Amino acid sequence: MALQHRLVFLTEGQMAPENSTGVALANGGIVWLAEEGTFPVSATLGTHLETDPAFLTTYDNRVATVEEVAEYDYILANPEPPPVP
């Protein structure tokens, strides 16, 4: 199977899924990179207190675009932020 880049947009109470890279793009999505078809069905949730609203149990996610993969690759190749124009 091929590797797939997906973007995960976490909501309140959710933890990043296994195979997340820890790299966030400018649009707020966290890059997830793993075998195609292995994205988790259910979200990993943090501790829920009685006063917390209900946590969503599924991730807001989608396949990354070519431009988003290029942004991810740029971040990996340039760990320092680009100069501000």
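Let's start with phenylalanine 39. It counts as buried, at 16% relative accessibility. Buried here means under 20% relative accessible area, exposed means over 50%, and partly exposed is in between, with a 1.4 Å probe and protein chains only. Keep in mind that this is a predicted model: local features need pLDDT of at least 70, side-chain atom pairs count only at pLDDT 80 or more, and totals for chains, interfaces and linings use all residues. Residues are numbered from 1 along each chain as its sequence is written, and side-chain values use heavy atoms, with hydrogens and water left out.

What does phenylalanine 39 pair with? The rings of phenylalanine 39 and tyrosine 59 have their centres 5.8 Å apart and their planes at 70°, so this pair is edge-to-face. The criteria: rings of Phe, Tyr and Trp (its six-membered ring) pair if their centres lie within 6.5 Å; planes under 30 degrees apart are stacked, over 60 edge-to-face, the rest tilted. Phenylalanine 39 sits in the loop between β4 and β5 (44–45), and tyrosine 59 in the loop between β5 and β6, so the pair ties together parts 20 residues apart in sequence. Tyrosine 59 is buried too, with a relative accessible area of 7%.

A search of the whole structure finds two aromatic pairs. Tryptophan 32 and phenylalanine 39 form one that is edge-to-face, at 5.0 Å centre to centre with 80° between the planes. Tryptophan 32 is buried, at 0% relative accessibility. Together, Trp32, Phe39 and Tyr59 form one aromatic cluster.

Arginine 6 lies over the face of phenylalanine 39, at 5.4 Å from the ring centre. The cut-offs are NZ of Lys or CZ of Arg within 6 Å of the ring centre and within 35 degrees of the ring normal.

Now the sheet. Four strands form an open sheet in the order β3-β4-β1-β6, with antiparallel pairing. The edge strands are β3 and β6 (60–63), and each pairs on one side only. The twist averages 30° from one strand to the next. Strands pair if DSSP finds at least two bridges between them. Helices (H or I, at least four residues) and strands (E, at least two) are DSSP runs, numbered from the N terminus.

Where does tryptophan 32 come in? In β4, tryptophan 32 is the bridge partner of serine 20. Two bridges join β3 (residues 20–24) to β4 (residues 30–35), and the two run antiparallel. They form a hairpin with five residues between them, and glycine 28 in the turn has a positive phi of about 90°.

Next, the helix. Helix α1 (residues 66–77) lies across β1, β3, β4 and β6, running at about 90° to β3. Axes are lines fitted to C-alpha atoms, for helices over the stretch in contact, and angles run from 0 to 180 degrees between N-to-C directions. Glutamate 71 is found in α1, and is partly exposed, at 28%. Leaving aside neighbours within four places in sequence, glutamate 71 is in contact (heavy atoms within 4.5 Å) with Leu25 and Ala26.

Last, the whole chain. There are one helix and six strands, running β-β-β-β-β-β-α from the N terminus. Of the 85 residues, 26% count as buried.
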